[in-house]
Amino acid sequence: MISTPSERILTMQVPSLPSYIPVVVPFVENTAGVFGLGREEVLKLGLAAEEIFAFLSGGMCRGKTIEIECRNGLYYAGVEFRFSRTELNLGGLNITSGIDMDADGNLEDMGLLLASRAVDRLHISEGDDRRINLAIAKDKTYPPPGEISLPVPERAGGITVKTPNTEEIKEFSLRTSREQAESYRPAYFHYPGKVADMIAGGEYEALVAVTAGGNVAGGLLYYFHTERIIQIIGPFSFVVVSREAVERSLLDACLSRVARSRAIGVVALHGLPASLVPDFEILGRLCHYGEDGQESVQKTFGRLLNEDPGAVVWTAAELADYLHSEYRRLALAREIKIIHDMGETASGASIFSAEALRDRGDVTLQPLWPGADLTANVERHVRHLRGEGFRNIYFLVDLGVPWHAALTPALLSRGFRPETIIPFGGRADVVIFQYHAA
């Protein structure tokens with residue numbers, strides 16, 4: 001039995017004082033254990049929560065009320081800290097913090113570094129009520145499927161596209177991990193139980209094509225990339241005869257469903273089957289550098305479900321020509337506004353989030369907080385991530401956020417190039433920059 005969303009959230013409010021750490025840590029750890037995390041994951045999430053609460057209560061929010069929410073995402077446990085906006089200096093949450101520390105290095109920042117490294121995801125945002133939301137998440141550990149034999153799907157005639165049950169989800173995931181190239185599917189397909197929980201948790205949805213004999217002949221995964229954009233993974237076909245018919249049936253069924261949602265567009269950042277490419281616009285490309293140094297290039301695709309409503313975007317002058325050219329090619333109506341440095345003061349440390357897939361050598365950076373050190377922070381991240389063995393470094397810039405545009409000169413000067421535009425991928429369009437050595 002799957003619990004309802006209301007049964008998967010526990011919240012507490014505490015004064016932001018160090019003396020409440022013995023209250024906060026057991027709350028997080030006990031809740032995460034009930035939510036299904038293993039002992040090691042529970043301890044890491046508890047460590048991250050302790051370091052974050054200690055930092056907040058050590059001066060920034062001392063004595064003020066902090067709301068702490070624990071959430072069961074089925075495949076992960078998450079903790080969110082909500083507190084009033086103050087003069088923030090959360091630079092220690094950068095994955096590079098403490099690396100270049102001198103004798104005057106801040107030990108509190110090192111504690112926040114431990115917090116950010118102990119979890120799988122960390123995100124900071126500002127709510128509509130001008131409160132700060134600091135969220136962390138730790139994924140459950142799933143066993144590999146082992147050597148499970150699967151029946152060979154019969155000819156695809158008479159297939160039915162449907163919402164899959166748990167066993168069909170696992171078969172879809174297992175077939176995808178075995179039969180699709182790594183560049184076409186995320187690593188979580190290696191863990192069918194995780195994919196099943198991702199869908200049961202409500203963040204992802206799936207469709208499968210089932211033959212008359214009940215075997216899974218294909219499948220497609222989709223989810224809200226943003227409030228307005230759906231991202232699809234697939235469709236994948238596991239039959240040779242009628243392969244294109246399976247792919248078409250899955251895509252049509254998906255578009256029929258999402259057309260009734262609040263989404264205004266669909267993107268496929270992991271590529272598409274050749275038979276479906278004419279239905280989409282090419283948004284750009286992304287490169288994948290393998291362990292052997294070989295480069296594979298994957299085109300990215302998108303399509304709007306309704307007429308383009310237009311948008312205002314902000315950019316640095318260095319990116320203007322690229323945007324004008326791409327918007328003409330994609331026939332997107334945009335008012336492009338150039339930002340200008342007029343001597344206004346920037347202060348504090350900027351913060352970049354980092355989501356890493358170490359087995360693929362991939363890491364995606366996003367700006368979370370502005371600061372006076374944008375160029376230096378980009379350089380620190382590139383140097384550190386390259387040293388850690390990450391071969392594929394991406395940086396997402398939201399053109400709906402003016403201060404994001406200020407990052408463009410720093411990115412271009414440090415080896416990044418704009419590769420893909422995601423329409424309405426954030427507050428406005430998002431540009432994916434990718435780092436290229438040399």
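# Report on a predicted single-chain model

Leu37 counts as buried, since its relative accessibility is 7%, under the 20% limit that defines the buried class. The structure described here is a predicted model. Leu37 is placed in the loop between H1 and helix H2 (39–60). Apart from neighbours within four places in sequence, the residues in contact with Leu37 are Ala32, Val42, Leu45, Tyr76, Ala77, Lys138 and Lys140. A separation of 8.7 Å is found between the C-alpha atoms of Leu37 and Tyr75, which are 38 residues apart along the chain.

## The chain as a whole

The secondary structure consists of ten helices and 19 strands. The chain has 438 residues, of which 52% count as buried. Among the contacts with a separation of 6 or more, 66% are made by residues 24 or more positions apart.

## The five-stranded sheet

Five strands form an open sheet in the order E1-E2-E3-E5-E4, and their pairing is antiparallel. Strand E1 (9–15) and strand E4 (121–126) each have a single partner strand and therefore stand at the edges, with one side of each left without a neighbour in the sheet. On average, neighbouring strands of this sheet are turned by 15 degrees against each other, direction ignored. Helix H1 (residues 21–34) packs on the sheet and touches E1, strand E2 (65–72) and E3. The direction of H1 makes about 175 degrees with that of E1.

Strands of a sheet pair through backbone hydrogen bonds, either parallel or antiparallel. Strand E3 (residues 76–84) and strand E5 (residues 131–139) run antiparallel and are joined by nine bridges. Within this pairing, Val79 has Ile136 in E5 as its bridge partner.

## Helix H4 and Glu168

Helix H4 has 14 residues, and from its first C-alpha to its last it reaches 20 Å, close to the 20 Å expected at 1.5 Å a residue. At the start of H4, a side-chain oxygen of Asn165 comes to within 3.1 Å of the backbone nitrogen of Glu167. The buried residues in H4 are Glu168, Ile169, Glu171, Phe172, Ser173, Leu174, Arg175, Thr176 and Ser177. These buried residues of H4 pack against strand E6 (160–162), helix H5 (192–200), strand E7 (204–210), strand E8 (216–224) and strand E9 (229–237).

Glu168 belongs to helix H4 (residues 166–179) and is classed as buried because its relative accessibility is 11%. A polar contact of 3.0 Å links the side chain of Glu168 to the side chain of Lys162. When residues up to four places away in sequence are not counted, Glu168 touches Lys162, Thr163, Val208, Val210 and Val216.

## Backbone features and loop residues

Gly234 and Pro235 are joined by a cis peptide bond, with omega at about 0 degrees. Pro235 has its place in strand E9.

Ala331 is not a glycine, yet its phi is positive, at about 55 degrees. Phe424 likewise is a residue other than glycine with a positive phi, near 55 degrees. Ala331 lies in the loop between helix H7 (317–330) and strand E14 (334–338), whereas Phe424 is found in the loop between strand E18 (416–422) and strand E19 (430–435).

Phe390 occupies the loop between helix H8 (374–387) and strand E17 (392–398). Not counting residues up to four places away in sequence, Phe390 touches Ala356, Leu357, Arg358, Gly361, Asp362, Val363 and Leu385. The C-alpha atoms of Phe390 and Leu357 are separated by 8.8 Å, although the two residues are 33 residues apart along the chain.

| Residue | Relative accessible area | Class |
|---|---|---|
| Ala331 | 62% | exposed |
| Phe390 | 5% | buried |
| Phe424 | 2% | buried |

Ala331 is classed as exposed because its relative accessible area is 62%, the limit for that class being over 50%. Phe424, by contrast, is buried, with a value of 2%.

Definitions and conventions
Residues numbered from 1 in each chain as written. Predicted model: local features only at pLDDT ≥ 70, side-chain atom pairs only at ≥ 80, totals over all residues. Heavy atoms only, no water. Helix = DSSP H or I, 4+ residues; strand = E, 2+ residues; numbered from the N terminus. Buried < 20%, exposed > 50% of the residue type's maximum accessible area, 1.4 Å probe, protein only. Polar contact = N/O pair within 3.5 Å; in protein donor to acceptor, adjacent residues only side chain to side chain. Contact = heavy atoms within 4.5 Å. Expected span 1.5 Å × (residues − 1). Pairing = 2+ DSSP bridges. Axes fitted to C-alpha atoms, helices over the stretch in contact; angles between N-to-C directions.
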